[in-house]
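Here is a briefing on one protein chain.

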Amino acid sequence: MSKFALVIPPNHLHRHHHHHRHHLFLLFLLISAVNAAPSSATTTTNNDLKFKEAPQFYNAPTCPSINGTTNEMCSHEAVHVAMTLDAAYLRGSMAAIFSILQHSSCPQNILFHFVSTSTADHHHLRLTITHSFPSLKFQIYPYDSSVVSGLISTSIRSALDSPLNYARNYLADLLPHCIHRIVYLDSDLVLVDDIAKLAATPLDENTVLAAPEYCNANFTSYFTPTFWSNPTLSLTFAGRKPCYFNTGVMVIDLQKWREGDYTTKIIEWMELQKRIRIYELGSLPPFLLVFAGTIAPVDHRWNQHGLGGDNYRGLCRNLHPGRVSLLHWSGKGKPWVRLDANRPCPLDALWAPYDLLQTPFALES
């Protein structure tokens with residue numbers, strides 16, 4: 001167990017989410033712990049990672065049962081969560097899963113849909129997840145990354161060019177068609193609130209997805225002067241009020257996505273990008289081109305983002321003002337890397353209690 005887990009031990013019993021004032025008090029304790037104690041973590045290669053078993057979490061008595069359905073993975077009563085899985089981010093994914101279960105009122109009603117490249121060791125991934133979460137209901141879907149690799153344009157940070165970043169484009173095709181609504185989450189985040197609230201984000205009949213929207217961001221900077229100087233291209237946003245939104249936290253109506261064939265629309269922009277450079281940032285701009293100005297907004301408390309710093313240096317960041325339901329280490333700096341290097345940012349201490357990594361010298365409670 002890490003030193004941070006000794007400050008806030010994982011909750012072994014079901015409980016409701018904390019009030020944000022309580023969060024601030026925990027934050028004070030955790031930052032004190034980071035400053036007081038040197039890290040004894042060592043760097044481990046991804047193939048050697050071993051994870052502890054998480055506590056078992058149970059449904060509250062008021063939760064609906066999803067066990068009666070013929071195909072449980074299709075249940076409309078369940079909360080369906082989609083995430084990608086790969087060796088580089090596996091430690092982050094495990095922490096994210098743990099945090100989702102810990103703060104859910106109905107953890108046994110959460111169904112996980114993991115997407116991983118066809119070439120990944122799916123047997124090893126399945127064993128790893130089952131060891132830490134023996135009763136987790138999940139499927140792993142193979143994703144043929146060669147489909148998209150020819151469409152990827154180099155961006156400002158190599159990690160953004162990973163084919164798995166583009167898996168979110170294909171969720172409607174990869175996942176069973178019986179699933180209508182999905183919460184898509186990145187692997188560099190933790191929840192501190194009940195995911196059912198996020199999953200219940202209202203989508204009207206014309207809206208395909210909901211995401212945290214940032215209308216103060218300079219939207220024009222996401223596209224090149226070539227794009228804006230070409231009337232045929234820039235007219236794409238005519239009649240819309242486009243805002244930047246974060247694709248790391250999305251609620252998607254997969255039925256409407258399929259009906260509108262949105263995967264094809266995104267791919268068409270990627271094909272154009274290969275011929276004329278119209279953006280710089282990897283997998284995000286095609287989503288903006290297709291959806292910006294037409295999405296349902298998700299409350300910003302569900303995306304306290306940028307905790308990984310910028311895409312170049314990954315400097316430490318503070319929390320944005322307001323309530324916190326989800327902490328997102330978007331940007332270059334990832335908490336597990338900084339903790340291992342003994343160079344954590346203060347807020348990385350909020351990620352550490354969810355870290356299930358089994359270290360050789362772990363103190364077991």
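The largest nonpolar core of this predicted model has 55 residues. A nonpolar core here is a set of buried Ala, Val, Leu, Ile, Met, Phe, Trp, Tyr and Cys residues joined through side-chain atoms within 4.5 Å. Buried means under 20% relative accessible area, exposed over 50%, and partly exposed in between, with a 1.4 Å probe and protein chains only.

**Basis**

- Because the model is predicted, local features need pLDDT of at least 70 and side-chain atom pairs count only at pLDDT 80 or more, while totals for chains, interfaces and linings use all residues.
- Residues are numbered from 1 along each chain as its sequence is written, and side-chain values use heavy atoms, with hydrogens and water left out.

**Nonpolar cores**

- Within the largest core, the residues with the most contacts are Val81, Phe112, Phe114, Phe133, Leu136, Leu185 and Ile195.
- Helix H3, residues 90-102, gives the most to this core, with 8 residues. Helices (H or I, at least four residues) and strands (E, at least two) are DSSP runs, numbered from the N terminus.
- Ile195 is in contact with Val79, Val81, Ile100, Ile110, Val183 and Leu185, leaving aside its neighbours within four places in sequence. Contact means heavy atoms within 4.5 Å.
- Another core lies apart from the largest one and has 48 residues, including Val208, Ala211, Tyr222 and Tyr279.

**Disulfides: overview**

- The structure holds 4 disulfides, each a pair of cysteine sulfur atoms within 2.5 Å.
- Counting bonded cysteines along the chain, the pattern is 1-3, 2-4, 5-6, 7-8.

**Cys63 and Cys106**

- Cys63 and Cys106 form a disulfide with their sulfur atoms 2.0 Å apart. The link is left-handed, with -90° about the S-S bond.
- Cys63 lies in the loop between helix H2 (20-36) and strand S1 (79-84), and Cys106 in the loop between H3 and strand S2 (110-117), so the bond ties together parts that are 43 residues apart in sequence.
- Cys63 is buried, at 13% relative accessible area. Cys106 is partly exposed, at 21%.

**Cys215 and Cys243**

- A disulfide joins Cys215 to Cys243, S to S 2.0 Å. This link is right-handed, with 100° about the S-S bond.
- Cys215 sits in the loop between strand S7 (213-214) and helix H8 (225-229), and Cys243 in the loop between helix H9 (231-234) and strand S8 (244-245), so parts that are 28 residues apart in sequence are tied together.
- Cys243 is buried, with a relative accessible area of 9%.

**Cys316 and Cys345**

- The sulfur atoms of Cys316 and Cys345 are 1.9 Å apart, and the two form a disulfide. The link is left-handed, with -85° about the S-S bond.
- Cys316 lies in the loop between strand S10 (296-297) and strand S11 (326-328), and Cys345 in the segment after helix H13 (335-340), so the pair ties together parts that are 29 residues apart in sequence.
- Cys316 is partly exposed, with a relative accessible area of 47%. Cys345 is buried, at 3%.

**Whole chain**

- The secondary structure comes to 13 helices and 11 strands.
- Of the 365 residues, 56% count as buried.
- Among contacts with a separation of 6 or more, 77% come from residues 24 or more positions apart.
- The chain exposes about 16500 Å², and carbon and sulfur atoms supply 55% of it. Accessible areas come from the Shrake-Rupley method with a 1.4 Å probe; for residues, only the protein chains shown count as cover.
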